[in-house]
Amino acid sequence: MRRRTVGRTAVLAGLVALTALATGCGIRTTSVPVDAGAAPSRVPCSVTQEGTTGTPVQGVPVRVFLVCGSQLEAVDRRSLPEEKAGGDPVRTASGLLAQLLAEPSESEQRAGFTTAVRGPLVVGRGHKGDPAGTLRLSRQPEDLAPTALSQLVCTFAASSAGAGGQTVLLGGPGAYAPKRYRCTAELRERPESAPPTAPTSG
């Protein structure tokens with residue numbers, strides 16, 4: 001009888017020690033199985049084929065910035081007509097805006113790309129007295145969703161519609177003066193933040 005009591009005491013002591021060890025390691029004991037789910041998949045943010053928006057493939061290469069993984073990523077397309085690819089900044093900006101307003105292609109969607117730019121929205125020339133190269137939107141830039149404005153800023157700034165130095169001069173339909181918006185690495189990483197500005201004369 002004494003041998004059984006000693007054996008039972010040893011077993012209980014071992015269980016207490018194991019419980020204390022598990023608690024000390026921060027492991028919470030439970031009798032219910034826990035399903036943590038599948039491991040998160042990484043969005044590729046890479047298009048194997050050139051994305052198009054239903055317009056003819058003929059044209060010159062252009063680059064637009066779309067949203068992928070909460071960041072802005074450049075996507076190369078080849079659907080901007082030749083006459084809109086250079087020369088007149090307003091025509092170039094109009095063609096690029098059409099690309100941003102359109103739904104991403106199937107291959108872009110599979111890669112995780114989306115666009116935050118929504119219509120109705122058009123781009124035109126600056127007002128009398130605006131700095132050279134100013135583009136005027138049909139809506140005040142500050143009234144757009146921050147991510148949409150970031151897409152516009154980075155897409156225009158990287159094209160011949162930009163004002164140089166990765167900037168673009170943008171205004172709205174009213175009498176407010178245009179601003180020089182800058183596309184930076186920080187903005188591409190956090191497009192939901194307000195695009196930084198620089199002096200319009202710079």
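Visitor: Which strands does helix H2 lie across, and at about what angle does H2 run to E3?

Guide: Helix H2 (residues 89-101) lies across E3 and strand E4 (135-137), and runs at about 175° to E3. Contact here means heavy atoms within 4.5 Å. The angle is taken between N-to-C directions on a scale from 0 to 180 degrees, with axes fitted to C-alpha atoms, for helices over the stretch in contact. This is a predicted model, in which local features need pLDDT of at least 70 and side-chain atom pairs count only at pLDDT 80 or more, while totals for chains, interfaces and linings use all residues. Residues are numbered from 1 along each chain as its sequence is written, and side-chain values use heavy atoms, with hydrogens and water left out.

Visitor: What makes a stretch a helix or a strand?

Guide: Both are DSSP runs numbered from the N terminus: a helix is H or I over at least four residues, a strand is E over at least two. Helix H4 (residues 146-157) is another such run; H4 lies across E4, strand E5 (167-171) and E6, at about 125° to E5.

Visitor: Why do E3 and E7 count as the edges of the sheet?

Guide: The open sheet has 5 strands in the order E3-E4-E5-E6-E7, with mixed pairing. Strand E3 (123-125) and strand E7 (197-198) each have a single partner strand, so one side of each has no neighbour in the sheet.

Visitor: How do you know that E6 is joined to E7?

Guide: Two strands pair if DSSP finds at least two bridges between them. Strand E6 (residues 179-182) and E7 have 2 bridges and run antiparallel, so by that definition they pair. Tyr181 stands opposite Thr197 in E7.

Visitor: Why is the link of Cys45 and Cys68 called a disulfide?

Guide: The cut-off is a pair of cysteine sulfur atoms within 2.5 Å. The sulfur atoms of Cys45 and Cys68 are 2.1 Å apart, so the pair qualifies. The link is left-handed, with -95° about the S-S bond. Cys45 is in the loop between helix H1 (2-24) and strand E1 (60-68), and Cys68 is in strand E1, 23 residues apart.

Visitor: Are these two cysteines buried or partly exposed?

Guide: Buried means under 20% relative accessible area, exposed means over 50%, and partly exposed lies in between, using a 1.4 Å probe and protein chains only. Cys45, at 22%, is therefore partly exposed, whereas Cys68, at 2%, is buried.

Visitor: What joins Cys154 to Cys183?

Guide: A disulfide, with an S to S distance of 2.1 Å. The link is right-handed, at 95° about the S-S bond. Cys154 lies in helix H4 and Cys183 in the loop between E6 and helix H5 (185-189), so the pair ties together parts 29 residues apart in sequence. Both Cys154 and Cys183 are buried.

Visitor: Why is the pair of Asp76 and Arg63 called a salt bridge?

Guide: The definition asks for a side-chain nitrogen of Lys or Arg within 4 Å of a carboxyl oxygen of Asp or Glu. The closest N and O atoms of Asp76 and Arg63 are 2.8 Å apart, so the pair meets it. Asp76, at 40% relative accessibility, is partly exposed, as is Arg63 at 43%.

Visitor: What makes Arg136 and Asp130 buried?

Guide: Arg136 has a relative accessible area of 6%, so Arg136 is buried; Asp130, at 18%, is buried too. These residues form a salt bridge, with the closest N and O atoms 3.0 Å apart.
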